[in-house]
Amino acid sequence: MTRLAQLPTHLRQRLEQRSALKVIAGLMNFEALSVAQVARAAGHGGADLIDVACDPELVQLAIRESAGVPVCVSAVDPELFPAAVAAGAAMVEIGNFDTFYPQGRIFGAAEVLELTRLTRVLLPGVVLSVTVPHVLPMDQQEQLAVDLVAAGADLIQTEGGTSAKPFSAGSLGLIEKAAPTLAAAHSISTALKAADRVVPVLCASGLSAVTVPMAIAAGAAGVGVGSAVNRLNDELAMVAVVRGLREALSAPKFALIH
C-alpha cells in the first residue's frame, strides 16, 4: 500500500481521474480571516484540497470553514510539519517557492532534495508533495523530479507563473501566463514515466479556468490555483472562480501525445 492510499477517498479518486483541484491560500498567508474566506470558497466551490501556510491553527480553521475539505500545508522548513499534521493536515508540501523569488531567495536542486529527505525522516508515513523550482533549466527540473520521487516524494508540483510575462489580453494572455508551468508539467510527467517513477503531478502557478484543462492534457493529475482565488476581496466571487475551475476540470480530457 502506498502512502497515497492514506488520502481521503474522494481526493484519491480525483487524482486517479486526473481532475484534482487544489485551492491555495498562500504560503505566507497567516491572516485567519483571509484563510477562512478561501477555505469556505473552496468548500462551496467543489475543491478537493486546500493548501495553507504551515500553522496548526490555520489547519483546524481551514478544515472547519471548508466543512471538511482535506488540507495540505506548505513550508520550506520540515520541522514545522509535524505539528500541522497533528492538527489534522492530510499531507505536507515543500514549496511553493514563488513567494521567495522576489526576495532574491533561490532554491537549488540540492537544497530541495535535502529538504525532501529531512521531511521523509521526520514524517515517514505522511503524504509528501514537493515543488520543483521553475528557475532550473527544464532538463534539471526533469532530473530533480525523478530524484525527488526516489527520495520519497509522493507527488510532484510544478510552478512558473511568476516568471511568465504575458503581453496579450484575454484568453491568449492567460495562456501566455500559464505557459511555463504547462511546459514543466508536460516535461516532468514525461520524464517520470520514462524513469518508471510515475506519481501524480500537480500543475500550479499562473493557471485559470482557460488553462487548467491544458494542464491535464499536458500530463497533470490535478492543478493548484492560488492568486486567481485568494487575491479576490469578495467571497462570492471566490466561490464563482472555484466553481468555474471545477467545471473546467470536468470537461472531456485529451492527453497530449508523448
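**A helix pair and a strand**

A: Helix 2 (residues 32–45) packs with helix 10 (residues 235–249) at an angle of about 45°, and their axes are 8 Å apart. Keep in mind that this is a predicted model. An angle between 35 and 65 degrees falls in the oblique class, so helix 2 and helix 10 are oblique to each other. As for handedness, helix 2 passes helix 10 in a right-handed crossing.

Now for who touches whom. Helix 2 brings Q37, V38, R40, A41, A42, H44 and G45 to the contact, and these meet E235, M238, V239, V242, R243 and R246 of helix 10. Sorted by class, that contact has 6 nonpolar, 3 polar and 4 charged residues.

On to the strands, with strand 7 (residues 201–204) as the one to follow. In a regular strand, side chains alternate between the two faces of the sheet. Here V201 and C203 point one way, L202 and A204 point the other way, and all are buried.

Strand 7 also has pairing partners. Strand 6 (residues 155–157) pairs with strand 7 in the parallel sense over 2 bridges, and I156 stands opposite V201 there. Strand 8 (residues 222–225) likewise pairs with strand 7 in the parallel sense, over 3 bridges, with G222 in strand 8 as the bridge partner of L202.

Notes:
Residues numbered from 1 in each chain as written. Predicted model: local features only at pLDDT ≥ 70, side-chain atom pairs only at ≥ 80, totals over all residues. Heavy atoms only, no water. Axes fitted to C-alpha atoms, helices over the stretch in contact; angles between N-to-C directions. Helix = DSSP H or I, 4+ residues; strand = E, 2+ residues; numbered from the N terminus. Parallel < 35°, antiparallel > 145°, perpendicular 65-115°, else oblique. Left-handed = near helix turned anticlockwise from the far one by under 90°. Contact = heavy atoms within 4.5 Å. Nonpolar A, V, L, I, M, F, W, Y, C, P; charged D, E, K, R; others polar. Buried < 20%, exposed > 50% of the residue type's maximum accessible area, 1.4 Å probe, protein only. Pairing = 2+ DSSP bridges.
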